[in-house]
Amino acid sequence: MSSSALPAADLRPLTIGNVAIGFPVVQAALSGYSDLPMRVIARRHGASYSVCEVMLDQFLLSLTKRERTRHFLDIADEEHPVGGQLMGAEPEQFSLGALKLVEAGFDIIDVNFGCPVKKVLGRCRGGFHLSQPAVAIEILKRTRDIVPDAIPVTVKMRRGIDDTDEARDQFFEIIDGAMRVGLAAATVHGRTVVQRYVGPSRWSFLREVKAHVGNRLKILGSGDLFSAEDSLKMIAETGVDGVTVARGAIGNPWIFQQTRTLADTGELPPPPTLHEQTAVMREHFTLCEQTYTVDRAPLLMRKFCIKYSQCHPDYENVRLAFARLRTRDEFESALAEHYAIDGPGRFVPRELHGSQEE
């Protein structure tokens, strides 16, 4: 067994509040990606929990049952437990948005204080809240107060707005406030808001956060988790209670089962064969058609298929075939051209993980 791998006996099953998660490697919220089809595929391939793509409080409060928007609150029976993630600016509106997620049936409500996108920060949302602890804690308190006691509330954070001492103090003020108002867990990304996705994620900070909170708050680590080995290594090195796989899970749902197998046996299973990849892509495409309609699915699947193509040895040519995708027939044609003959796949090369937002 590799030195970074942890045997399953050494991995504690994850619980968040009164919700039993199980294997402590879960799928993160991914803006523009972690919709119902992606979450279901991840669950079928070993993810024990997943979080929906972040939703604005204003959007949730205006949401209707119109065909083009109803899917945002869709939850499949097979994906429980599942988390709903919320982002906003004003404490009162934030808490009302949380109620909409509760009514939709999400098992855990997650507050986003981590998004580093410039337009989000400019509207005093996401990672901006790390610079104003009093407002951040008020949002957490109101959300915890309005959400029924049986439903855990969690928060997603980065290690600070930047790397100043002031930002560090603000981070720990918010973490302490989160424990004080009754949150069940915090997901911590090891980069700052200003850093976005440039440079490595500072895992040593996760170890410091877990030591600070002890058993009073569950900590999930995030950042630079692109393989089964990465996930087990983060838990071993930092002592966090679990990890959330983000970019590493797009087009690669096999990462969850690979992590389970590595933990159980000490051996990494081979990457999915081309025919195994084909079966999962078809499964994902069908779920997308069922969720969004047959007409909308192809364009929505294009970004996923491009990601799936990273597991193909002839990635560059396969990616180009999927980049032109407009219909289900074109999808099937690409499969017939590049996946008809079975063969070994590959683990996604680390250099292919660009700066796409988690």
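Is Ala47 buried or exposed, and what is its relative accessible area? Ala47 is buried, at a relative accessible area of 3%; here buried stands for under 20% relative accessible area, exposed for over 50%, and partly exposed for what lies in between, with a 1.4 Å probe and protein chains only. The model is a predicted one, in which local features need pLDDT of at least 70 and side-chain atom pairs count only at pLDDT 80 or more, while totals for chains, interfaces and linings use all residues. Residues are numbered from 1 along each chain as its sequence is written, and side-chain values use heavy atoms, with hydrogens and water left out.

Back to Ala47, then. The residue sits in the loop between helix H1 (36-44) and strand S4 (50-51); helices (H or I, at least four residues) and strands (E, at least two) are DSSP runs numbered from the N terminus. Setting aside neighbours within four places in sequence, Ala47 has contacts (heavy atoms within 4.5 Å) with Val25, Ala42, Phe256 and Arg260. Between the C-alpha atoms of Ala47 and Ile21 there are 9.6 Å, with 26 residues separating the two along the chain.

On to the aromatic rings. A pair of rings is described by the distance of the centres and the angle of the planes. Rings of Phe, Tyr and Trp (its six-membered ring) are taken as paired if their centres lie within 6.5 Å; planes under 30 degrees apart are stacked, over 60 edge-to-face, and the rest tilted. That rule gives 8 aromatic pairs. Phe171 and Phe172 make an edge-to-face pair, because their ring centres are 5.2 Å apart and their planes stand at 80°. Phe171 is buried at 1% relative accessibility, and Phe172 is buried too, at 11%. Phe171 also pairs edge-to-face with Phe205, at 5.0 Å centre to centre and 70° between the planes. This second pair ties together distant parts of the chain, with Phe171 in helix H6 (residues 165-181) and Phe205 in helix H7 (residues 203-213), 34 residues apart. Both Phe171 and Phe205 are buried. Elsewhere, ring pairs join Phe285, Phe322, Phe331 and Tyr339 into a cluster.

Thr238 belongs to helix H8 (residues 228-238) and is buried, with 5% relative accessibility. A polar atom of the Thr238 side chain lies 2.6 Å from the backbone oxygen of Met234, and the Thr238 side chain also reaches the backbone nitrogen of Val240 at 3.3 Å. Not counting residues up to four places away in sequence, Thr238 touches Trp203, Leu206, Arg207 and Lys210.

Strand S10 (residues 218-222) has 4 of its 5 residues buried, so the rest of the structure largely encloses it. S10 pairs with strand S9 (residues 185-189) in the parallel sense over 5 bridges, pairing being called when DSSP finds at least two bridges between two strands. Thr187 has Leu220 in S10 as its bridge partner.

As for disulfides (cysteine sulfur atoms within 2.5 Å), the structure holds 0. Cys288 is in none, and its nearest cysteine sulfur, that of Cys305, is 9.0 Å away. Cys288 is buried at 2% relative accessibility. The sulfur of Cys311 is too far for a bond, because the closest cysteine sulfur, in Cys305, is 12 Å away. Cys311 is likewise buried, at 1% relative accessibility.

Conventions:
A polar contact is a pair of N or O atoms within 3.5 Å; within protein, one must be able to donate a hydrogen and the other to accept it, and residues adjacent in sequence count only if both atoms are side-chain atoms.
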